[in-house]
Amino acid sequence: MTSHAAPAEPSGAFAGLLNALPVSAATFIVTLYGDVISPRGGEVWTGNILETLATVGISESRVRTALSRLVAAGQLEGTREGRRSYYRLTQRAAGAFSAAARLIYAPVEPAPMRAWHLVALPDENREAAARILARHRFGFLSPHLAVLPDRGASLPRLPGCLFSAATDDGRLGDLLAAAWQLSALSGRMRCFIEHFEPWDSGDVPHDAALGLRLLLVHAYRELALRDPLLPPPFLPPDWPGPGARALFARLYCALSPAAETIVSAHFMSRSGPLRPDRKRLERRLDDLV
């Protein structure tokens, strides 16, 4: 199928990790684009997608079905050149990927909280508005009122009426715990730490580095996109968020040299080998340190 060496099939401890953290083809393709392809122009040869997903045990038929669905959903667009096909991010998807990356690869220490963003949801199309707000990590104090810490970052245009409120001394703790379902989120963070902490020793085979880094990002993305990064007075005791974020940062930085070597050696677009936006990637690593 290709003149490039295909990555190894999952085995050993890596296979055990995959059994504990099963992934779907479509969501893992999204992870691949967000972590690897988007910082390199957004386009890649189909063979690279097939080979990379094989490293996490996903078959070619599942990958091709997932690619078709992502095209139908307006996230990818395909192009043929000779006997090869390539997929690139649509403009709409590229914007969404950039917004998610800002949360996933953000500095381990978040900016200080200044106030609360509050949004009163409209009665009309309230469920659709709630889905949009949830994608921006808002929690829900009630079906009609969403909340998010204000850390100075600009917000996109949001449905409903946006206003601000001053910070509280911690008496909102129970309400906020329910708004973000912090107990369940804490459990998922602890599972993340349990599954990835054994890899923190740095003993990772070179050919498994890219697959493991992608699996790391895939597992952490759900946490990063849900964690409201509340200040300590508003969090339950023994909150595992900082530990999960620090573990992600250490492993991502440790795996990146070998992972980047694999990408540079094998990944192709129509214009040739994928060339990274080095400043962008260096900034990502610097933020994680």
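I take contact to mean heavy atoms within 4.5 Å. This is a predicted model, so local features need pLDDT of at least 70 and side-chain atom pairs count only at pLDDT 80 or more, while totals for chains, interfaces and linings use all residues. Residues are numbered from 1 along each chain as its sequence is written, and side-chain values use heavy atoms, with hydrogens and water left out.

**T52.** I looked at T52 in helix α3, residues 46–54. Helices here are DSSP runs of H or I with at least four residues, strands are runs of E with at least two, and both are numbered from the N terminus. Leaving out residues up to four places away in sequence, I found T52 touching L32, L210, L214 and F267. Is T52 buried or exposed? T52 is buried, at a relative accessible area of 2%. The cut-offs are under 20% for buried, over 50% for exposed and partly exposed in between, with a 1.4 Å probe and protein chains only. The T52 side chain reaches the backbone oxygen of N48 at 2.7 Å.

**α8 and α9.** Next I checked helix α8 (residues 182–196) against helix α9 (residues 209–226). Their axes lie 10 Å apart, at an angle of about 165 degrees. Axes are lines fitted to C-alpha atoms, for helices over the stretch in contact, and angles run from 0 to 180 degrees between N-to-C directions. The pair is therefore roughly antiparallel; the cut-offs are under 35 degrees for roughly parallel, over 145 for roughly antiparallel, 65 to 115 for roughly perpendicular, and oblique for the rest. From α8, L185, R188, M189, F192 and F196 meet residues of α9, including L212, L216 and Y220. I sorted the residues of this contact into 10 nonpolar, no polar and 3 charged. Ala, Val, Leu, Ile, Met, Phe, Trp, Tyr, Cys and Pro count as nonpolar, Asp, Glu, Lys and Arg as charged, and the others, Gly among them, as polar.

**α8 and α10.** I then turned to α8 and helix α10, residues 241–266. Their axes come within 9 Å and cross at roughly 35 degrees. M189, F192, I193 and F196 of α8 make the contact with G241, G243, A244, L247, F248 and L251 of α10. This contact divides into 8 nonpolar, 2 polar and no charged residues.

**Positive phi.** R137 is not a glycine, yet its phi is about 75 degrees. R137 sits in the loop between α6 (126–135) and β5 (139–142). R137 counts as buried at 13% relative accessibility. Q181 also has a positive phi, near 50 degrees. Q181 lies in the loop between α7 (173–179) and α8, and counts as exposed at 56%.

Note on methods: Polar contact = N/O pair within 3.5 Å; in protein donor to acceptor, adjacent residues only side chain to side chain.
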